Structures are given as structure tokens and as C-alpha cells.
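Have the viewer open and follow along.

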Amino acid sequence: MNLKDTPQQARLRQEIRAWIAAAVPTELLGQQEWLAMPLTTSTLADELAGRPEYEPLLDALDGQGWLAPAWPREHGGAAFSAEEQFVFDEEWLRAGLPPFRTDGLEKVGPTLIALGTPEQQARFLEPTRRRRIVWAQGYSEPGAGSDLASLALRAEPKPGGYRLNGQKAWTSNAHRADWLYVLARTDPAARPRHAGISLFLADARSAGITVRPIVAIDGYHHLNQTLFENVFVPEAQLVGGLNQGWKAANFLLGYERFSHPSAMPVYHDHALAALKRDARAMPGEGGPDGTGGSRWDDPGLQRSVARLEMDTDCLRYARYRAQTRFVRRGEPGPESSIFKLYGGALMQRIVETHHELTGPRGMAWDAQPFGPESQQLARRSARVRAYSISGGTQQIQRNVIAQRILGLPGQ
Ligand SMILES: Cc1cc2nc3c(=O)[nH]c(=O)nc-3n(C[C@H](O)[C@H](O)[C@H](O)COP(=O)(O)OP(=O)(O)OC[C@H]3O[C@@H](n4cnc5c(N)ncnc54)[C@H](O)[C@@H]3O)c2cc1C
């Protein structure tokens, strides 16, 4: 891959940089907290919903076609190639602006553009792009996470549509969602099992849907158990054809792994910057004369940070390689699993090092006596544990790498 911009990309980069400088109020720039505190799309949606000052900016961005830059122009996007989108993301995050792509922009939209009917596109794309629809993903079930093809939520044909019965687990954001995209079993006898699965769009307010909260280890309520009892879904809300849900599910998952915060080195850069900033601000161990400098003077800590920085560079280059494949193929491939696995483990190591540095200050669960920043550190330490699981567990990523990249025999 050529790491230098082509003249066209350089022009686009300048255009985006100039637009950000002109259109973004200065007080919103350089908010590195967004990046030092990597968020899942669901926690991000919560954070952004609580910050109305970003709304006009996101509307202005939409006016440029940059809210969903990879979408075709007829659907309000900018028809960016994958390379152009990377340029956009780099400039946006470099300015310290919040990563704003929700499930709708990042996953549901591209899926409907690729597989939806013209009616579904006309009905859902515009409000999804304008962030008027909050989407939640109903894939996992109590007995079907890694082995998603064993899902049991049943969709039975009825006049005009389907009736859904069963339950979904770990549904991020279902309590805030307007719509759910749900994988359901439409042919229990089909072999292989994934040939009997379909993808539906279900109105979250349909009669028969019950959402029960699950408070995660980080103290936030972003996960839910979602129950379906005789929920009617019209035929027009079946996506990609009957028993074709597996293709749609994999299409979506490729994007999820590619854009997972653990896979993007910019988050690691900022988490490392926050670690170093805190180390410099903390008094050192103290010499005999009481002038101990700062904790950053500790050569052991500096060695650990140097190692983490080198590993972040490795992640950056692994990502460039995957981007090249993405650009050639037009969609993310199994390489997404490499940096989802490596990036997640690396972020956990950075956060653990930060946690060791801050000691009790990084365990202040209720912000007392150290203040809200410490509370954020404690919650972040808990949150990054989920990076080993969400978007496919680390073991599953290893299986994908072994079988689909290294060509090793399957189980
Ligand atoms: C923060 C968070 C948000 C989530 N959001 C959503 C969401 O919005 N929508 C949704 O549908 N799901 C969501 N999930 C669920 C997530 O996709 C599943 O938790 C994940 O796929 C693992 O499934 P499981 O929890 O059932 O674990 P299991 O599949 O039961 O796995 C248990 C353990 O066995 C290991 N294992 C299983 N199979 C194999 C194998 N073949 N080889 C080696 N090891 C194996 C796993 O790696 C794991 O360690 C979320 C999860 C988290 C943590």
C-alpha cells in the first residue's frame, strides 16, 4: 500500500481540514476525552445524546454528505471510496471530534443499500442517515453467541408477514431503539443451519416486545435482554430475501469488526497520551530531599509505555494492510479479525498500565473522594474487558484467522 496521499486524496484532506476549521466551533475541537475513553457505538450514542451542542455540527456535516460519506449520493452520502473515507476519519479524529457513526450509519445503512428493496431504502435510509432512527442489533441469544447459526428465535409465516417468538441477549441500546434488526429462524429443518435464517426489521414499539435492562460491569445500562412474544412483522420488513439472513449478518459483522474501537489505533494513541499526561502530573516516589519529580521519571514505566507505543505502531500497519485489502475488495475481509483481536488486547494492556499507575485513584467507582476523572478511569478499566467479547470473542477471531487467513483445517 502507498502510505502517501494521491494528489486527489491530498486535495480532499485539505478540503476536509479547511471545512472543520471553518465550521466547527473552537470549543468543540480538541476534545481528546472522546478518544482516550473508547466507546462502543451504543455508549457513544448515549454520550452524544447527552451533548446537544454537537447536533448542529452533525447536521452541517450531513449537508456535506459526510455524515454517511460512503453512501451513494442519491441516498445523501458523498460516494467516498474506502480510501477517501479513511482520509475523512483521520481528519475528523485528528481534530479531536467525537466518532459519531452509530449502528444505523455504519451497519444498517450499508446493508440496506446492498440488500434492501427500493421500498426499504426509501423508507429507512433518509431517517437513518439523519440519525432520526436509533437501531439495535438483535443477533445473540442465550444459547447463540459465538455459534450464531444455532439461534432459536422463530419467525413463522402468517398472512402478510411473520410472527416472531423467542429472545435476544446483550442487545446494546434496545432500551433507546426505535427499530431492531433481528436474525430469526425461518426454516428449522434447513441444513446447514445457517441456511434457515432470515433478517427482519422490527419496530421496537411493536406489541409483544419487552426490553429488560442488563447493567454492565462498567456501571452503565447499555445492554438488554429483549423478549419477543407473538410479535408481528410485515413481509415488507424482511431484508435480503427469505432464508438469506446469514449473508446479511456476515456483511454487517465484517463492518462491525473493521470499525470496532479496539481495532483503530487512534484510540490507542489517545489512551497512551492520557496515560503519559497523568504520569507527568503525578508526584514521583520522592528522593531523600523530597524532590521526587514525577511518576514519568520511572524508567520501568517509560519502558512499558515504549513497548505499548511500538505495539500500537504494529497495529497501525496491520490496519493499513487490511485497508488495502478492503479497498481492493470493496468490503472488509477476514483480516478485520487480526486487528480486532490484537487491538483489543493492546487496549486492555494500555488501560491496565494506566490503572497500575493511578492505583486507588483509578478505582473510585462513585467519584469520591477523587472526582469524576477518576471515576471515568475506573469505568474504562471495566469497559475494556468487553473488548474480548463484543463483535465476536478473541477465540472466535483466532478461529477466523486460522481457517480463513492461514488456511488451517476447521474444527
Ligand atoms: C459489550 C457487549 C455488547 C454486545 N452487543 C450486542 C448487540 O448489540 N447485539 C447482539 O446481538 N449481541 C451483542 N453482544 C453479544 C456478543 O456478540 C456475544 O457475547 C459474543 O458473540 C459471544 O457470545 P456468548 O456471550 O454467547 O459467549 P459464548 O459463545 O457462549 O462463548 C463462551 C466462551 O466460549 C468460547 N468459545 C465459544 N465457541 C468457541 C469455539 N468455536 N472455539 C473456541 N472458543 C469458543 C468463547 O470465546 C467464550 O470465551 C454484545 C456483547 C458485549 C460484551
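How many residues does helix α13 have, and how far does α13 reach from its first C-alpha to its last? Helix α13 (residues 394-405) has 12 residues and reaches 15 Å, close to the 16 Å expected at 1.5 Å a residue. The expected span here is 1.5 Å times one less than the number of residues in the helix. After α13 comes G407, with a positive phi near 70°. Helices (H or I, at least four residues) and strands (E, at least two) are DSSP runs, numbered from the N terminus.

Residue numbers start from 1 along each chain as its sequence is written. The model is predicted: local features need pLDDT of at least 70, side-chain atom pairs count only at pLDDT 80 or more, and totals for chains, interfaces and linings use all residues.

**Domains**

The protein chain is divided into domain 1 (7-112), domain 2 (135-243) and domain 3 (260-282 + 295-405), with bounds that come from an automatic or database domain assignment. Between domain 2 and domain 3, the C-alpha centres lie 31 Å apart. In this pair, 4 residues of domain 2 are in contact with 6 residues of domain 3; contact means that the C-beta atoms, placed from the backbone, lie within 7 Å. On the domain 2 side, the touching residues divide into 1 nonpolar, 2 polar and 1 charged. For these classes, Ala, Val, Leu, Ile, Met, Phe, Trp, Tyr, Cys and Pro count as nonpolar, Asp, Glu, Lys and Arg as charged, and the others, Gly among them, as polar.

**A helix pair**

Helix α5 (residues 82-94) packs with helix α10 (residues 299-329) at an angle of about 140°, and their axes are 9 Å apart. Axes are lines fitted to C-alpha atoms, for helices over the stretch in contact, and angles run from 0 to 180 degrees between N-to-C directions. The two helices, α5 and α10, are therefore oblique to each other: angles under 35 degrees count as roughly parallel, over 145 as roughly antiparallel, 65 to 115 as roughly perpendicular and the rest as oblique. From α5, the contact uses A82, E83 and F86, and from α10 it uses Q323, F326 and V327. These contact residues divide into 4 nonpolar, 1 polar and 1 charged.

**Strand pairs**

Strands count as paired if DSSP finds at least two bridges between them.

| Strands | Sense | Bridges |
|---|---|---|
| β2 (residues 154-158) and β3 (residues 161-168) | antiparallel | 5 bridges |
| β3 and β7 (residues 221-234) | antiparallel | 7 bridges |
| β6 (residues 209-215) and β7 | antiparallel | 7 bridges |

A155 has L164 in β3 as its bridge partner, while G166 stands opposite F228 in β7 and V211 stands opposite T226 in β7. The hairpin of β2 and β3 has 2 residues between the strands, and G160 there takes a positive phi near 85°. In the hairpin of β6 and β7, with 5 residues between the strands, G219 takes a positive phi near 90°.

**Backbone details in loops**

R191 and P192 are joined by a cis peptide bond, with omega about -5°. P192 lies in the loop between β4 (179-185) and β5 (197-203). R131, a residue other than glycine, has a positive phi near 65°, and R131 sits in the loop between α7 (118-129) and β1 (135-138).

Technical notes:
Contact = placed C-beta atoms within 7 Å.
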